[in-house]
Amino acid sequence: RECPVKNKQIVLIGAGGAARAIAHEATRRGASLTIVNRDEQKAELIAQSFHCIGKGLEYMSVFAKAGYDILINSTSLPLPIASSDILPSTIVMDIKTKPKENLFLQHAMEKGCQIIYGYQMFVEQAAEQFHLWFKGRLNLQESKRILETKAIESLSRFEKP
């Protein structure tokens, strides 16, 4: 599912390798990006690379008060920010694939946010990789449908007790 980010305010939680990739793509597509992280220096370092704002997690309430359109968690933490900093009716994504729904996403759902699951990012990445390798030999939309079905089946097996 396409989510245009041009001129959108994105807050990205985390400053690891995945955060760097997300920051690159978000700024390339014209988003206004803020990176928050437990280690403020790491957030600032990535932010310098992409000409955006980098701050410590303790600033999250300031950014929530200012407002944002999209909130992305790229940390391994189940709830890296206070639930009060998840704004109602925004787009919220957690890049972790397992479990499908975690505490961060549950709080976002309770606030009526549009959710993007980590497995959906995984499906998009896999489909694009297949497309690069087998361009013209497979249908990209059909590939995404198959990958999404398989990802959901896999998650269902993982989440059963």
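Is Leu 45 buried or exposed? Leu 45 is exposed, with a relative accessible area of 52%; here buried means under 20% relative accessible area, exposed over 50%, and partly exposed anything in between, using a 1.4 Å probe and protein chains only.

## Basis of the model

This is a predicted model, in which local features need pLDDT of at least 70 and side-chain atom pairs count only at pLDDT 80 or more, while totals for chains, interfaces and linings use all residues. Residues are numbered from 1 along each chain as its sequence is written, and side-chain values use heavy atoms, with hydrogens and water left out.

Helices (H or I, at least four residues) and strands (E, at least two) are DSSP runs, numbered from the N terminus. Two strands pair if DSSP finds at least two bridges between them.

## The sheet

Strands of a sheet pair through backbone hydrogen bonds, either parallel or antiparallel. This model has an open sheet of 6 strands with parallel pairing, in the order S3-S2-S1-S4-S5-S6. Strand S3 (53-56) and strand S6 (114-116) each have a single partner strand and stand at the edges, so one side of each has no neighbour in the sheet. On average, neighbouring strands of this sheet are turned by 20 degrees against each other, direction ignored. For such angles, axes are lines fitted to C-alpha atoms, for helices over the stretch in contact, and the angles run from 0 to 180 degrees between N-to-C directions.

Strand S1 (residues 9-13) and strand S2 (residues 32-37) run parallel and are joined by 5 bridges. Gln 9 has Ser 32 of S2 as its bridge partner, and Ile 13 has Val 36 of S2. S2 also pairs with S3 in the parallel sense, over 4 bridges. One of the pairs here is Asn 37 with Gly 56 of S3.

## Burial in S2 and S3

How many residues of S2 are buried? In S2, 5 of its 6 residues are buried, and the strand is mostly covered. Along S3 the side chains alternate.

Contact means heavy atoms within 4.5 Å. Leu 45, the residue of the opening question, has its place in helix H2. The C-alpha atoms of Leu 45 and Lys 55 are separated by 9.9 Å, and the two residues are 10 residues apart along the chain.

The axes of helix H1 (residues 17-28) and H2 come within 10 Å and cross at roughly 30 degrees. That makes H1 roughly parallel to H2; angles under 35 degrees count as roughly parallel, over 145 as roughly antiparallel, 65 to 115 as roughly perpendicular and the rest as oblique. On the H1 side the contact is made by Arg 20, Ala 23, His 24 and Thr 27, and on the H2 side by Ile 46, Ser 49 and Phe 50. These contact residues divide into 3 nonpolar, 3 polar and 1 charged. In this grouping Ala, Val, Leu, Ile, Met, Phe, Trp, Tyr, Cys and Pro count as nonpolar, Asp, Glu, Lys and Arg as charged, and the others, Gly among them, as polar.

## Backbone exceptions

Most residues other than glycine have a negative phi, and most peptide bonds are trans. His 51, in the loop between H2 and S3, has a positive phi of about 55 degrees although it is not a glycine. His 51 is exposed, with a relative accessible area of 75%. Ser 89 is found in the loop between strand S4 (70-73) and S5. Its phi is near 60 degrees, also a positive value in a residue other than glycine, and Ser 89 counts as exposed at 62% relative accessibility.

The peptide bond from Lys 98 to Pro 99 is cis, with omega near -10 degrees. Pro 99 lies in the loop between strand S5 (91-94) and helix H4 (103-110).

Leu 105 is found in helix H4 and is buried, with a relative accessible area of 1%. Not counting residues up to four places away in sequence, Leu 105 touches Val 92, Met 93, Asp 94, Lys 100, Ile 115 and Tyr 117. Leu 105 and Met 93 are 12 residues apart in sequence and 7.5 Å apart in space, C-alpha to C-alpha.
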